[in-house]
Amino acid sequence: MKLLICGGRVIDPAQGLDRVLDVLVEKGRIAQLSPDIDPPTGAKLIPAQGKLVVPGLIDMHTHLREPGREDKETISSGTKAAVNGGITSVACMANTNPVNDNQAVTEFIYSQARKTGHCNVYVVGSVTQGQQGKLLVEMGELKATGAVAYSDDGCSVKNTEVMRRALEYASMLDMLVICHCQDADLAPQGVMHEGLISTMLGLEGMPALAEETMLARDISLAALTGARLHIAHVSTAGSVELIRQAKARGIKLSAEATPHHFSLTHEVVRNFDTNTKVNPPLRTAEDVAAIIEGLKDGTIDVIASDHAPHTSAEKEAEYNYAPFGIIGLETLLPLSLTRLVHSKAMPLMDVIARLTINPARILSLDKGTLNVGAEADITIIDLDKRFKLDIAGFKSKSKNSPFQGAELQGLPVLTLVGGKLNTSEY
Amino acid sequence: MLLNSKDFLEIKQLTVPEIELILSTAESLKEISQRDIKKVPTLRGKTIINLFYEVSTRTRTSFEIAGKRMSADVVNISTNSSSVLKGEGLKDTACNLEAMKPDIIVIRHPAPGAPHMLASLLDCSVINAGDGAHEHPTQAMLDLLTIREKKGDIAGLQVAIVGDITHSRVARSNIWALTKMGAKVTVVGPKTLIPPYIEQLGVSVSYRLAEVIPKADVLMILRIQLERQHGGFFPSLREYSKLFGLNLEKLKAAKTDVLIMHPGPINRGVELDPEVADGPYSVILEQVTNGLAVRMALIYLLLGGVDI
């Protein structure tokens, strides 16, 4: 099967490429990249005039919920949502049930992904057994089974000694550790950002400090151990500054931000909509501005969704009792384009880099570029299309998004995963 | 004039004319409770459900009697003897109750926003009888009524709210109510129990009760919840009482016409000494009497507000 994507504006940050080119796909790989390619006989033509052609997006922070909570999401439905959102590779977090702390669960996820998946799936194992923060997982075995990183995402490894050993051991294996930085003692019952709105609503707050103190600890540990550390879903201005300073000191560190953390503030909690309940919480306008600044100057390397599906039954509850989480696979690209590109906050090339080659490099994946010979993971984007977001059409099993009805600009129209074609529906 | 909403969820959203309407209606209904036959037929055929997810003596009884004095049928549900124990969620409970066609559901719940959730799900009126640390709007209304009865005008009064501001729905509702009516509000308490950015709600903050007492026209003392000590918010009840409890000695510095208020239940000897609680400046039991009038007014206004 041959495909020829004709006349699109090809943007490939890995090659510094931004020009109108044709892309020829053969046997699931990129065969040729040049202007005005003569269509080979039998090739399917995909007109892309006026569209962007970019490497398939890589979302390095998702929760696919399988095994354990298939009522929220499955590997099948989650990867279908990913592809609909223009994402061709996802890394899925370890807080499944059972926790992905052993090679059997990792092997199961890869097996399910092969059988039922719609895009590339990469598995993140936990740091500690059962995510209990006490005993290390068999990191070597997990790596051998295909895990691409370790994370106790959802919480921090509280015990600093355990975290030190985890980072030392992971660095021996040259493996990445992804940290959800939060001092649980500083936000034991918190459900939203600690600030004016939490004071008004009488909801217990999670102070910015809870993230920043743990981040400062983890930066010190990274400096000590030389481990590769990745900071998940940065949410505060103070965190952005800590990461900026750490990078300036030469510490091996990368970081991600989510679209909801650069699009929304704690103001949206005012009506007690549980779809705004997320961990880390939505913070202030100053934090949003700092995250965008951090994305712009490269302090924050990656945009990731932290796709966290929950059933409507769970979210239709009192704010205190509803689970944390926002779905994000199908809003990752439209929100990034609307809030960062169309708002003129960032150049398009840099936004695409944070969705493609940057996460690929951090996870050591041979992905995220349109180099000749690369697997044909390609996303075709209508950059200027304006639309009103309707979550009812999402492919994710869960609908917990605070962006229902949002007026957005820019969406994926076509996605190729290893050369296999999917049409996006919005 | 009627209220702007089918529900009564928070003082925050209330307009001054709405507050005035509830107060003046309460003033005119208060007389019913002084009659020999304490009942009017106004709300005959109306049904009120009291849905209480927290224990309550004053508020639940007050709503029940308020309904009965207006001839409404009042049903009480407490969660320790209902399907909540079987794990039924608030949404299902609410929808099942509404299927029995009540006119008002009065809800008290430990989670902020629970009444709002109910209000968005149901066609009947919802009254917030206290939602976590968020609001207790009928308490603020009865406090306004009590202050207005004693002081005439609320505007310009110096009101100190003393105690655990962070966890207090009474404090929040009163901050909105009093500032809307033009009073000057100071919140007083240990720094650990004053929530961040509270001054942005238009109040002053003090950590020294002694400095606040001489200026205050009203001292509103909040219940200190004993479990807060174990949360590490202050070292001991003994120290709390010394620094923030009100006793006769501290009261010597107060204005001669100061009002002492407390939403109850009182921890005698902790935040309030018995001599003060039962003393001449205390209007604590009048607050309870006014609570009844305010709740009668509220259910009357929510159910249409025709001539009595």
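I began with a pair of strands: strand S2 (residues 17–26) of chain A is joined to S3(A) by five bridges, and the two run antiparallel. Strands here are DSSP runs of E of at least two residues, helices are runs of H or I of at least four, and both are numbered from the N terminus. Two strands count as paired if DSSP finds at least two bridges between them. Glu26(A) stands opposite Arg29(A) in S3(A). S2(A) and S3(A) make a hairpin with two residues between them. In that turn, Lys27(A) has a positive phi of about 50°.

I noted the ground rules next. This is a predicted model, in which local features need pLDDT of at least 70, side-chain atom pairs count only at pLDDT 80 or more, and totals for chains, interfaces and linings use all residues. Residues are numbered from 1 along each chain as its sequence is written, chains are lettered from A and ligands numbered from 1 in the order written, and side-chain values use heavy atoms, without hydrogens and water.

**Past the hairpin**

I moved on to Pro40(A), in the loop between strand S3 (29–34) and strand S4 (44–47) of chain A. Leaving aside neighbours within four places in sequence, Pro40(A) is in contact (heavy atoms within 4.5 Å) with Lys2(A) and Leu24(A). I also checked Ala317(A), 277 residues from Pro40(A) along the chain. Their C-alpha atoms are separated by 57 Å.

**The sheet in chain A**

I traced an open sheet of eight strands, in the order S6-S7-S8-S9-S10-S13-S14-S15, with parallel pairing. Strand S6 (57–62) and strand S15 (302–303) stand at the edges with a single partner strand each, so one side of each has no neighbour in the sheet. Helix H2 (residues 103–116) of chain A packs on the sheet and touches strand S7 (87–92), strand S8 (120–125) and strand S9 (147–151). The direction of H2 makes about 170° with that of S8(A). For such angles, axes are lines fitted to C-alpha atoms, for helices over the stretch in contact, and values run from 0 to 180 degrees between N-to-C directions.

What did I find between S6 and helix H1 (75–84) of chain A? Pro67(A) is in that loop. The peptide bond from Glu66(A) to Pro67(A) is cis, with omega near 5°. Arg65(A) lies in the loop between S6 and H1 too. Arg65(A) is not a glycine, yet has a positive phi of about 70°. Is Arg65(A) buried or exposed? Arg65(A) counts as buried because its relative accessibility is 10%; buried means under 20%, exposed over 50%, and partly exposed in between (1.4 Å probe, protein chains only).

**Where the chains meet**

I turned to the interface. The contact takes 21 residues from chain B and 15 residues from chain A. The buried area is about 1,500 Å², with 64% from carbon and sulfur atoms. That area is the accessible area (1.4 Å probe) that two parts lose on being put together, summed over both. I looked up the one salt bridge between the chains. Lys91(B) and Glu316(A) meet in it, at 2.6 Å, N to O. The rule asks for a side-chain nitrogen of Lys or Arg within 4 Å of a carboxyl oxygen of Asp or Glu. Helix H3 (90–98), helix H4 (114–121) and helix H6 (169–180) of chain B each supply at least two residues of the side touching chain A. H4(B) gives the largest share, three residues.
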